[in-house]
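Below are some questions and answers on one model, for reading beside the sequence and the coordinates.

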Amino acid sequence: MKENIVFIHGFPMSASIWNFQIEALSNNYNCYAVDLPGYGSNLSDNGFNHSIDSYSNYVFQFIKENNLNSVHIVGMSMGGSITLNISRRYPDIVKTVTVIHTSAIVDTDEDKNNRDITIAAIKNGGLNNFIDRFADRLLSPNASDEIRKMYISLMKEASKDVVIAGYTAIRNRPDEFKNLKNLKIPVLVIAGRDDIGSSPREMKEMASNIPNSTFKVISDCGHIAPLEKPQELNNFLLQWFESY
């Protein structure tokens, strides 16, 4: 019987960010890529309260409704924060965890203030500028124009309101770092060598605080490994799942 993998996308993307991974893994695993409320095909969020906790509850309900009793969860960026949150709150349903380009540390007051300034700019018509700057900041300098266009296109699928709600959820994310030492689940931590959003140094520190962790770095990669380095990411994931 195939084991189950649940993929959780980052901000402000959708489940389609995982297309290359699902194509590579679906022969051997049941792959489920969740669109969080407001993203991708899940556009009717019906007043959903966007927060890391509520995203986690949504994914947990998805897992239960699909009778997935034991899952490997893979999350990147904001999706990684959700993955850590699920692992802390609902550990019985999780077999392994993979976090990619993820910060477990809460924003400082300065970080929150900078996010507030960005949110105000988006509200005042600066969404396209935000997305362009986001791509410039988070992609590796070696990323091709084609990858940049794909990334920007994915981000532009999200509405202004959803981008603001998601960015606010990241601003207010809970402190998962203090809980890392209590994780009993095997955790794979993957960083991009050129990632300035969640640096290899920060992610290595995260891994060092998790009792049963494996740390990997992808070269020439920024914050978007599923697009920037899909083959390298797929290799790490295949090796990881085969070991469990």
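Q: Which elements do the buried residues of α2 pack against?
A: This is a predicted model, in which local features need pLDDT of at least 70, side-chain atom pairs count only at pLDDT 80 or more, and totals for chains, interfaces and linings use all residues. Residues are numbered from 1 along each chain as its sequence is written, and side-chain values use heavy atoms, with hydrogens and water left out. Helices (H or I, at least four residues) and strands (E, at least two) are DSSP runs, numbered from the N terminus, and contact means heavy atoms within 4.5 Å. The buried residues of α2 pack against β1 (3–8), β2 (29–34), β3 (71–76), α3 (78–89) and α7.

Q: Which residues of α2 are buried?
A: Buried means under 20% relative accessible area, exposed over 50%, and partly exposed in between (1.4 Å probe, protein chains only). In α2, the buried residues are I52, S54, Y55, S56, V59, F60 and I63.

Q: Is α5 oblique or perpendicular to α7?
A: Two packed helices are described by the angle between their axes and the distance between the axes. Axes are lines fitted to C-alpha atoms, for helices over the stretch in contact, and angles run from 0 to 180 degrees between N-to-C directions; under 35 degrees counts as roughly parallel, over 145 as roughly antiparallel, 65 to 115 as roughly perpendicular and the rest as oblique. Helix α5 (residues 127–138) and helix α7 (residues 160–171) pack at about 55°, with axes 11 Å apart. That angle makes α5 oblique to α7.

Q: Which residues of α7 does α5 meet?
A: On the α5 side, the residues are L127, F130 and F134. Their partners in α7 are K160, V163 and Y167.

Q: What is the handedness of the crossing of α5 and α6?
A: Helix α6 covers residues 145–155, and α5 packs with it at an angle of about 135°, the axes being 10 Å apart. A crossing is left-handed if the near helix is turned anticlockwise from the far one by less than a right angle, and right-handed if clockwise. The crossing of α5 and α6 is right-handed.

Q: Where does R173 lie, and which residues is it in contact with?
A: R173 is buried, with a relative accessible area of 10%. Its place is in the loop between α7 and β5 (187–192). Leaving aside neighbours within four places in sequence, R173 is in contact with I52, S81, S103, I105, V106, D107 and R115.

Q: Is G75 buried or exposed?
A: G75 lies in strand β3. Leaving aside neighbours within four places in sequence, its contacts include I8, W18 and T98. At 0% relative accessibility, G75 counts as buried.

Q: Which residues does the cis peptide bond join?
A: Most peptide bonds are trans. Here omega is about -15°, and P12 lies in the loop between β1 and α1 (19–25). The cis bond joins F11 and P12.

Q: Is D220 buried or partly exposed?
A: D220 lies in the loop between β6 (213–218) and α9 (225–228), and its phi is near 55°, a positive value in a residue other than glycine. At 39% relative accessibility, D220 counts as partly exposed.
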